[in-house]
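Visitor: I am new to this structure. Please take one part and walk me through it closely.

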Amino acid sequence: MNKHSVLIAGGGSTFTPGIVLMLLDNLDKFPIKELKFYDNDAERQETIGKACAIILKEKAPDIVFSYTTEPAEAFSGIDFVMAHIRVGKYAMRELDEKIPLKYGVLGQETCGPGGIAYGMRSIGGVLELLDYMEKYSPNAWMLNYSNPAAIVAEATRKLRPNAKILNICDMPLGIEMRMAEILELESRKEMDIRYYGLNHFGWWCDIRDKAGNDLMPKLKEHVAKHGYVVQEELSSQQHCDASWLDTFAKAKDVYPLAPDTMPNTYLKYYLFPDYVVKHSNIEYTRANEVMDGREKFVFGECNKVIEQGSSADCELHTDDHAEYIVDLARAIAYNTKERMLLIVPNNGSISNFNSTAMVEIPCLVGSNGPEPLSIGEIPLFQKGMMDQQVAVEKLVVEAWIEKSYQKLWQAITLSKTVPSASVAKFILDDLIKANKDFWPELN
Ligand code: NAD
Ligand code: G6P
Ligand code: MN
């Protein structure tokens, strides 16, 4: 097998050590000759970079490793960019969550006004990475999981239609791992699934075992009672904080709305926004939980590795479900035709839905990219929700391109999480002030 050169963009991310450990666990399937980190925050990246240098030296000394804030150095001579940047970092996520809450509207990383604000910051950041990649390594592929993936994907479809970028999300995989546990299967790969929707906005419509037996009845029975809560909450799993457990449990109320399907957990924000607001604390949102939890833990462990010059007592762990990133890279590198959920142009796959929408559907992935599978017609309820949400996402991208206040106001107003155009305007005006260093100036 030929060996690959990989760049992790967003080297200072809390997820970087987990991805590195996951890549190290999979070197037999996806061999690496060079690994680089790139970030625009030198100090943040240095902590992660120094610790990973020690870990790599111990576990895979043959891999050439470096980290940099110089685009030319970072993006030259690479085959894959694995991108997970957060433009504005947690400080801006906190404002995305708290500003809407001031007006009684939910504050969430990727949903509602918070997700829209984050989208307005991310578009430029991800386009910049793509342009560096095309300039310095035109044959490389970008595997992007920078959020909000729906808006970023729509922006790249529109503005860089020929770019070699694949947008992917880990939420369906996290849920499928829970489904596998409910079904007492060894792995989610024992299930053949059909799924459709937008990113963080979709439904499973068919789940079978390899013999073709329908697994939905058993799943429905469990989800109707317990949502996606499973007995063994594995501590190594990414989504294990109390707020995530509440989200998995809430799926039991989301499910009955469309009981022929199984919902993505994110639908709770659109279907039960009043519940979400009632259970939010404007003084302490998810951003605070992440800064006090995952960020402190990851940077603390990295500092420990650096001080000790060894990873002996280090508690950093692989993100179990991050394996999908290796599956995706392998699919491109070795033309495996693995079936994976990706965010791709609809182009008729969902026959009764906007053909230019970026939808999350199963695709066969090979060296030339994704071949989306055909979904056919979807029911009116799901289609109605998706029509509304895709208009929000498209309006955000148009607002960013045209620097249009009007379109961004329309986008926020149209979000199912927002009760009125006047509330939308209050939130928008606050978000504009908060994002002055990141958004284009609107007119
Ligand atoms: P983080 O803030 O810890 O890391 C993000 C890093 O990106 C920071 O080090 C920051 O300095 C860097 N960065 C910001 N703007 C940049 C730019 N323009 N160029 C280069 N680097 C830049 O955030 P995190 O919580 O670790 O999450 C990272 C990203 O991964 C977020 O976008 C998050 O939403 C996303 N994510 C996506 C999925 C998915 O399912 N698609 C899953 C988990 C996380
Ligand atoms: C899931 C989603 C990601 C999102 C993450 C947030 O994995 O698929 O898109 O970024 O959750 O997790 P956090 O722990 O940062 O709230
Ligand atoms: Mn996601």
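Guide: Ligand 2 is surrounded by 14 residues, where near means that a heavy atom of the residue lies within 4 Å of the molecule. The closest are Asn-147, Asp-170, His-239, Arg-286 and Arg-294.

A word on the basis. This is a predicted model, in which local features need pLDDT of at least 70 and side-chain atom pairs pLDDT 80 or more, while totals for chains, interfaces and linings use all residues. Residues are numbered from 1 along each chain as its sequence is written, chains are lettered from A and ligands numbered from 1 in the order in which they are written, and side-chain values use heavy atoms, with hydrogens and water left out.

Now the shell by class. Five of its residues are nonpolar, four polar and five charged. Here Ala, Val, Leu, Ile, Met, Phe, Trp, Tyr, Cys and Pro count as nonpolar, Asp, Glu, Lys and Arg as charged, and the others, Gly among them, as polar. Helix 12 (residues 286-308) gives the largest share of the shell, three residues. Helices (H or I, at least four residues) and strands (E, at least two) are DSSP runs, numbered from the N terminus.

Next, the polar contacts, meaning pairs of N or O atoms within 3.5 Å; within protein, one must be able to donate a hydrogen and the other to accept it, and residues adjacent in sequence count only if both atoms are side-chain atoms. The side chain of Arg-286 has an N or O atom 2.6 Å from an oxygen atom of ligand 2. For the side chain of Tyr-266, the distance to an oxygen atom of ligand 2 is 3.4 Å. Met-171 takes part through a backbone N or O atom, 3.5 Å from an oxygen atom of the ligand. Ligand 2 alone exposes 390 Å², and the protein buries 94% of that. Such areas come from the Shrake-Rupley method with a 1.4 Å probe; for residues, only the protein chains shown count as cover.

Then there is the manganese ion, ligand 3. Cys-169 (SG) and His-200 (NE2) coordinate the ion at 2.2 to 2.4 Å. Donors are N, O and S atoms within 2.8 Å of the metal (3.2 Å for Na, K and Ca); water is not among the atoms, so sites may look incomplete. Cys-169 lies in the loop between strand 6 (165-167) and helix 7 (171-182), and His-200 in the loop between strand 7 (192-198) and strand 8 (201-208), so the pair ties together parts 31 residues apart in sequence. Cys-169 is buried, at 9% relative accessible area. His-200 is buried too, at 5%. Buried means under 20%, exposed over 50%, partly exposed in between (1.4 Å probe, protein chains only).
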